[in-house]
Amino acid sequence: MANIGKDVQRAASYLTQGELVAIPTETVYGLAANAYDEAAVVKIFEAKQRPAFDPLIVHTHSIGEVAKIAREVPDIAYQLAERFMPGPLTLILPKADHVPLLVTSGHDSVGIRIPRHPLTLALLRQLPFPVAAPSANPFGYVSPTSAQHVQDQLGPRLPYILDGGECQVGLESTIIRLHGDVIEILRLGGLALEELAEVVQISEAKIKTSSSNPAAPGMLSSHYSPRKKVLLGDIKTNLGQVDAERVGIISLRELFPSVPVEHQIQLSATGDLNEAAKTLFSALRHLDNQAIDLILAEPMPQHGLGRAINDRLQRASFQG
Ligand code: TXA
Ligand code: MG
């Protein structure tokens, strides 16, 4: 199994030797390798069993470094970076020549992000290279929001997990691409659209919530899925059709008397969607390990992080 600790030095030394290290971020834990070392990057794809067509996000520590990973950074990208980086935002920009095509899955663009976690920022500042890092879960499964989540699934496949505690946002970054002054949302995520809209125009037509999105190859319909079947809809209605002893519940705040309490998770007792986002993935993991047949989840209000939560629940519930 992997060692778990808070030793930034040790993490840096593994990465420098071309090894994998799991890193904490404010969104989810990442599985990192030196972005400029192709032999190291290959290990990411192997450990996750991730198809080569799914590009990786490159993580760095400053806007100055972003400008070295991208071939060009438009003004609007600088404005977004200054406002939201470090933070749960990934910008898709034209890639610099020295970024390996392995990282971008052959695309001429690269996803770049500055994570907002003190340990990982300290790590990135002391490395002479950026790291490529997808979420640290087997391909298609729910993303990890604690060091233990990573250990549970990928522990045998890497030497070290840098433990930064529980992720504060709990949903993957919002991914955007620029088209002049209008942005395209490739993935809803931890940065709410309302916040982005304070800086840029968002075209409603360009919010990619559809199931198959060739521009972000990783956004497959069945992504973020627990092994258990998830039914998304009004919980009370759906409870009428099933054996209440054998279901798990993910609700925003409501409890259901017919269902055992240990099978029920309220994402936020106060109805706070940020808190709900932070709790969602550990709720899915917890219920996935209970003696139940089905998870009933309800849609969240469509604002703030509710939109991204709904996106993940839809993908988790996709029935192919
Ligand atoms: O919050 C996050 O973004 C986390 C943490 C670890 O930073 N990372 C993450 O990575 O969620 P991953 O690999 O699980 O999802 C990244 C997605 C890919 O599936 C892909 O669809 C999209 O980002 N992506 C990356 N580079 C891209 C590119 N050049 N063009 C289009 N989409 C890209
Ligand atoms: Mg992922």
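Me: Which residue has a side chain joined by a polar contact to the side chain of E172?
Reply: First, a word on what you're looking at: this is a predicted model, where local features need pLDDT of at least 70, side-chain atom pairs count only at pLDDT 80 or more, and totals for chains, interfaces and linings use all residues, while side-chain values use heavy atoms, leaving out hydrogens and water. Residues are numbered from 1 along each chain as its sequence is written, and chains are lettered from A and ligands numbered from 1 in the order in which they are written. A polar contact is a pair of N or O atoms within 3.5 Å; within protein, one must be able to donate a hydrogen and the other to accept it, and residues adjacent in sequence count only if both atoms are side-chain atoms. The E172 side chain has such a contact, at 2.5 Å, with the side chain of S143.

Me: Is E172 buried or exposed?
Reply: E172 sits in the loop between β8 (160-162) and β9 (174-179); helices (H or I, at least four residues) and strands (E, at least two) are DSSP runs, numbered from the N terminus. Contact means heavy atoms within 4.5 Å, and beyond its neighbours within four places in sequence, E172 is in contact with residues including T27, R187, Y224 and R312. Buried means under 20% relative accessible area, exposed over 50% and partly exposed in between, using a 1.4 Å probe and protein chains only. E172 has 3% relative accessibility, so this residue counts as buried.

Me: How many residues of domain 2 are in contact with domain 1?
Reply: The chain is divided into domain 1 (3-207) and domain 2 (229-317), with bounds that come from an automatic or database domain assignment. Taken over C-alpha atoms, the two domain centres are separated by 28 Å. On the domain 1 side 26 residues take part in contacts, and on the domain 2 side the count is 17.

Me: What is the volume of the largest cavity?
Reply: On a 1 Å grid over the protein atoms alone, a cavity is a set of points where a 1.4 Å probe fits but cannot get out, a pocket is an open set with protein on both sides within 12 Å along at least five of seven lines, and lining residues have an atom within 4 Å of a point. Grid points are joined across faces, edges and corners, and a volume is the space filled by probe spheres set on the points. There is one cavity of 30 Å³ or more. The largest cavity comes to about 40 Å³.

Me: Which domains each give at least three residues to the lining of the largest cavity?
Reply: T174, L188, G189, L191, A192, L193, G304, R307 and A308 form this lining. By class they are five nonpolar, three polar and one charged, where Ala, Val, Leu, Ile, Met, Phe, Trp, Tyr, Cys and Pro count as nonpolar, Asp, Glu, Lys and Arg as charged, and the others, Gly among them, as polar. At least three lining residues come from each of domain 1 and domain 2.

Me: What relative accessibility does L193 have?
Reply: L193, one of the residues lining the largest cavity, lies in helix α8 (residues 193-196). Setting aside neighbours within four places in sequence, L193 is in contact with I185, L188, I202, I207 and R307. L193 counts as buried because its relative accessibility is 8%.

Me: Which residues lie closest to the centre of the second largest pocket?
Reply: This pocket holds about 200 Å³ of space. Its 14 lining residues divide into seven nonpolar, four polar and three charged. The closest to the centre are P88, R116, G190, L191 and E195.

Me: How far apart in space are I76 and V182, C-alpha to C-alpha?
Reply: I76 belongs to helix α4 (residues 75-84) and is buried, with a relative accessible area of 11%. Not counting residues up to four places away in sequence, I76 touches L178, G180, D181 and V200. I76 and V182 are 106 residues apart in sequence, but in space the separation is 9.3 Å.

Me: Is S105 buried or exposed?
Reply: S105 sits in the loop between α5 (101-104) and β6 (109-113). Its phi is near 55°, a positive value in a residue other than glycine. With a relative accessible area of 19%, S105 is buried.
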